[in-house]
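Here are my notes on this model, as numbered points. Please read them with the structure open.

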Amino acid sequence: MSENHAAKSHQLGFSTITLITVSLIIGLGIFKTPAIIAANAGTQTIFFAAWIIGGITALCGALTYAEIGARYPVMGGFYQIFNYGYHPVVGFTVNILVLIVNAANLGVVALIGADYLSDLVFGHPSGVLFNTAMATIAVGLFYGVNLLGLKTSAQTQNFMTVLKIGLILILISTLFAGVVVEPHGYENQPVQTFTGNNTVLLLLLSLIAVSFTYGGYQQTLNFGAEAKPGPALHKGIIAGTLLAIFLYLAINYAYVQVIGFEKMKNATAIGSLLFEAWFGKVGGKVFDLAMFLSVLTYVNIILMSNPRVMCAMSEDGVLPKIFSRRHPRTGALVPGLTAYAILTIIITLIGKQIDQILSFTMFLDSIGMCTSAATLFILRRRGEGDGRVTGALAKYTPYLAAFFVLSYAMVAVAVVIQKPGAAGIGMGLLVGLGVLYFGVLRRRTHV
């Protein structure tokens with residue numbers, strides 16, 4: 001199986017797993033979605049409550065997936081745990097949709113990055129044609145990087161993630177600049193009003209985008225077979241998530257203090273506003289370029305992760321065998337990487353509107369998060385990997401996992417309330433893929 005090849009190839013240590021986790025969580029959403037969340041929250045209290053609850057949920061999820069990864073460290077782990085814990089039909093339906101969700105999320109990040117590049121070149125947000133063209137170029141560039149193999153893509157990832165963290169720290173430091181900046185424009189999106197009786201509703205609506213912005217760490221499971229033996233994967237997931245939570249809370253506090261909560265509602269390019277607090281308009285332009293470059297960090301990690309899921313599915317016979325083929329010299333999963341890059345570009349072209357992609361992916365992502373985290377209970381009941389899980393905290397992990405599952409179930413409900421059509425499409429796809437599996441693929445895999 002692919003683990004044999006992985007053992008001979010570049011292995012990922014604690015620092016690389018930590019940076020991979022950070023880059024899976026921090027795309028460019030944090031530089032745009034806080035403005036949308038502020039518009040949904042209505043009040044500053046609900047705004048920060050959503051970010052804190054999202055952070056706590058993310059930490060619970062990190063501890064859950066860290067234990068899952070320690071118990072079951074395999075190639076394409078986010079697919080394999082469904083097969084082991086439930087039934088191959090669950091692994092197939094959920095992961096086909098997760099592949100689509102991740103491609104759509106990648107499209108969101110690339111489109112946000114194109115907004116910054118557009119502001120740099122034209123001085124204002126551009127249209128769909130420019131944004132989709134820039135997103136396509138970004139995917140194509142790192143498609144080439146990943147063709148060079150895991151070592152090259154991992155080293156590139158480390159460098160760009162450190163660069164991104166440095167940029168975020170500069171933005172956070174605007175708290176000490178002593179100025180207030182004015183937004184350059186606003187998006188034409190609804191702004192919720194707090195009435196005194198709608199606290200729960202506004203919090204749920206805010207948590208949709210918050211959960212989307214915090215998500216991604218679960219995909220670290222896909223590198224389980226390529227992590228160094230020992231606690232590298234387990235500790236790296238937890239450390240990376242903690243670092244991302246700290247950066248998120250700090251930068252949101254900076255947004256509110258430097259821009260003002262009311263002014264930031266639906267404001268465009270709010271990340272560049274913080275840079276202008278230090279360097280004025282010239283600094284804003286430099287930041288636009290830096291943000292477009294940093295989006296490539298997220299593009300690269302998604303292209304690193306998802307072909308590994310396709311490889312695992314190919315080896316199980318639910319995807320064509322070609323997706324498990326590797327380049328004989330670099331070890332790159334060339335057919336899977338190529339197909340996934342094309343899928344990402346297609347979804348970006350279809351999606352166009354960021355909010356539409358967000359609502360569609362968050363519902364499907366919530367389903368995947370709930371069911372995958374719940375496999376912890378199955379792994380524990382079967383005693384899988386008991387010897388690889390140590391520490392006093394392990395006895396509390398099931399309670400944290402239960403909270404995590406419940407939280408993402410509530411996010412799914414919130415998506416149904418806000419975007420019932422998008423949720424309906426997601427459920428329809430799940431049912432349709434289940435029918436496809438039992439009608440065609442079940443005979444092929446001899447289940």
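**Notes on helix packing, rings and buried residues**

1. Phe404 and Tyr408 are four residues apart in helix α16 (residues 397-418), so about one helical turn separates them. Keep in mind that this is a predicted model. Both residues are buried. Their ring centres lie 4.9 Å apart and the planes meet at 45°, so the pair is tilted. The cut-offs matter here: stacked needs planes under 30 degrees apart, and edge-to-face needs over 60.

2. How many aromatic pairs does the structure hold? The total is 17. A cluster linked by ring pairs is made of Phe47, Phe48, Trp51, Tyr214, Tyr248 and Phe261.

3. Look next at helix α4 (residues 44-71) and helix α9 (residues 199-214). Their axes come within 9 Å and cross at roughly 50°. The two helices are therefore oblique to each other. The crossing of α4 and α9 is right-handed.

4. Helix α6 (residues 88-122) and helix α7 (residues 128-147) form another crossing. Their axes come within 8 Å and cross at roughly 115°. The crossing of α6 and α7 is right-handed. From α6, the residues in contact are Leu106, Ala110, Leu111, Ala114, Asp115, Leu117, Ser118 and Phe122. From α7, they are Phe130, Asn131, Thr132, Met134, Ala135 and Val139. The contact of α6 with α7 divides into 10 nonpolar, three polar and one charged.

5. How are helix α8 (residues 150-172) and α12 packed? The angle is about 150° and the axes are 9 Å apart. That makes α8 roughly antiparallel to α12. The crossing of α8 and α12 is left-handed. The contact of α8 with α12 has 17 nonpolar, eight polar and two charged residues.

6. Asp288 also belongs to helix α12. Is this aspartate buried or exposed? Asp288 is buried, at a relative accessible area of 1%. Beyond the residues up to four places away in sequence, Asp288 touches Tyr116, Leu117, Asp119, Leu120 and Ser272. Leu117 is one of the α6 residues that meet α7. Ser272 is 16 residues from Asp288 along the chain, with 6.5 Å between the C-alpha atoms.

7. Leu273 is in helix α12 too. Its relative accessible area is 0%, so Leu273 is buried. Residues up to four places away in sequence aside, Leu273 touches Val181, Glu182, Pro183, His184 and Ile259. A separation worth checking by eye is the one from Leu273 to Pro320. These residues are 47 apart in sequence and 48 Å apart in space, C-alpha to C-alpha.

8. Asn266 deserves a check of its backbone. Most residues other than glycine have a negative phi. Asn266 is not a glycine, yet its phi is positive, at about 65°. Where does Asn266 sit? Asn266 is in the loop between α11 (261-264) and α12 (270-315). Asn266 is buried, with a relative accessible area of 4%.

9. Finally, Thr18, which lies in helix α2 (residues 14-25). Thr18 has 11% relative accessibility, so it counts as buried. The cut-off for buried is under 20%. Which residues does Thr18 contact, leaving aside its neighbours within four places in sequence? They are Gly236, Ala239 and Gly240. Tyr217 is 199 residues from Thr18 along the chain, and their C-alpha atoms are separated by 9.9 Å.

Note on methods:
Residues are numbered from 1 along each chain as its sequence is written. This is a predicted model: local features need pLDDT of at least 70, side-chain atom pairs count only at pLDDT 80 or more; totals for chains, interfaces and linings use all residues. Side-chain values use heavy atoms; hydrogens and water are left out. Axes are lines fitted to C-alpha atoms, for helices over the stretch in contact, and angles run from 0 to 180 degrees between N-to-C directions. Angles under 35 degrees count as roughly parallel, over 145 as roughly antiparallel, 65 to 115 as roughly perpendicular and the rest as oblique. A crossing is left-handed if the near helix is turned anticlockwise from the far one by less than a right angle, and right-handed if clockwise. Contact means heavy atoms within 4.5 Å. Ala, Val, Leu, Ile, Met, Phe, Trp, Tyr, Cys and Pro count as nonpolar, Asp, Glu, Lys and Arg as charged, and the others, Gly among them, as polar. Buried means under 20% relative accessible area, exposed over 50%, partly exposed in between (1.4 Å probe, protein chains only). Rings of Phe, Tyr and Trp (its six-membered ring) pair if their centres lie within 6.5 Å; planes under 30 degrees apart count as stacked, over 60 as edge-to-face and the rest as tilted.
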